[in-house]
Amino acid sequence: MTQRIAVIAGDGIGTEVVPEGLRALNAAAKRFNIDLEYQHFEFGNCDYYLEHGQMLPDNWFDQLKDFDALFYGAVGWPEKVPDHISLWGSLLQFRRRFDQYINLRPCKLMPGIKSPLADRVPGDIDFYVVRENTEGEYSSIGGRMFEGTEREVVIQETVMTRTGIDRVLKYAFDLAQSRPRKKLTSATKSNGISITMPYWDERVKAMSASYPDVTVDQYHIDILAANFVLHPDWFDVVVGSNLFGDILSDLGPACTGTIGVAPSANINPEGTFPSLFEPVHGSAPDIAGKGIANPIGQIWSGALMLDHLGHQDAGQAIVDAIEAVLADASDSVLTPDFKGRGTTEDLGRAIAERIAG
Ligand code: NAI
Ligand code: MG
């Protein structure tokens, strides 16, 4: 069975790391006999915007909707196009229209990387943050009244639906159940936010009845954030609403070191629409064009994509190869963000060779 991947490199270092992501994917596909077919798209970047006045063609939805996955680099070049236009005009369109209601970020301390948390070593930090990606606190319901007067009033409503909560919880519980520790932590704030958050807690409790083998705990978001820093080893799968998940999904990877390695997935679990895989980092205009960007975030995103497409062995082989290359830590291969002298391509090739076996 051929699986079709739409590739959108985007801007800046996106165009430099995507080829290394594909190199790793090709090595894994060859070793595990996976049939991947790529189609490259030249939209979703700021040069396209300068030429066409929009980030995507009018028919982008029809062009992309039948792919099995989207492999994205990074978007944004603030000198050419304001960030809110480039982001809302591309990536956020995909997340919304393709109903990618799961935002998934692994937080794993890799060998050879120094955690900003003192004395933490690989093995201490290895968990996932699962963020609700479509509703919650990020709603467009509300408004402003009596503008500019003493009575000025501003309201924005949080929207939580049973469908919306249950589907993200189901994904998180399934993920926890698939992992050796089988532990799920829910981010809440039901002491202060007294209507929606108790409802969130209720749905967690209801869902947990279907997963008797998964251990569940919950923390209010304030102490949970503190515990990410103090006790990252406590966590296995952490699930949160859109806002809480947003914060935790930056804090978690930050605890594991350089931004260049963190991957992410925006998932439509039912497969009604394609899911999107991209590194956490942006287009890094400050180092773009020099060939020194760390390709690991992009390569690891490829591993998440293979997982999602049903090739868990191949995804694991990519993660193993990343760990093996980092553990060897040769200066001539590591990129400058690791204090090495290697190029994007040097590091990408080293990882692809490990994957090949
Ligand atoms: P950024 O992630 O592009 O860069 C932040 C810092 O980290 C820079 O100093 C950069 O050199 C460094 N860095 C990032 N990725 C790296 C890598 N792979 N290897 C080595 N160093 C790396 O974030 P910034 O500067 O805030 O945004 C730049 C542009 O990227 C903006 O237009 C922004 O809107 C966009 N952006 C896009 C994202 C996306 O496509 N999902 C996410 C974040 C930002
Ligand atoms: Mg964020």
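1. In this predicted model, helix α11 and helix α12 (residues 344-356) cross at roughly 125°, and their axes come within 8 Å; axes here are lines fitted to C-alpha atoms, for helices over the stretch in contact, with angles from 0 to 180 degrees between N-to-C directions. The two helices, α11 and α12, are therefore oblique to each other, a class left over once angles under 35 degrees (roughly parallel), over 145 (roughly antiparallel) and 65 to 115 (roughly perpendicular) are set aside. Helices are DSSP runs of H or I with at least four residues, strands runs of E with at least two, numbered from the N terminus.

2. Residues in contact have C-beta atoms, placed from the backbone, within 7 Å; among those of α11 that meet α12 are Ala 317 and Ile 318, and among their partners in α12 are Ile 351 and Arg 354.

3. Helix α10 (residues 296-308) packs with α11 (residues 312-328) at about 160°, the axes lying 7 Å apart, and α10 and α11 are therefore roughly antiparallel. Ile 318 and Ile 322 of α11 are among the residues that meet α10, whose own contributors include Trp 300 and Leu 304.

4. The span of residues 4-351 is 39% helix and 19% strand, with its end C-alpha atoms 23 Å apart.

5. Residues are numbered from 1 along each chain as its sequence is written, while chains are lettered from A and ligands numbered from 1 in the order in which they are written. Local features need pLDDT of at least 70 and side-chain atom pairs count only at pLDDT 80 or more, whereas totals for chains, interfaces and linings use all residues.

Conventions:
Two residues are in contact if their C-beta atoms, placed from the backbone, lie within 7 Å.
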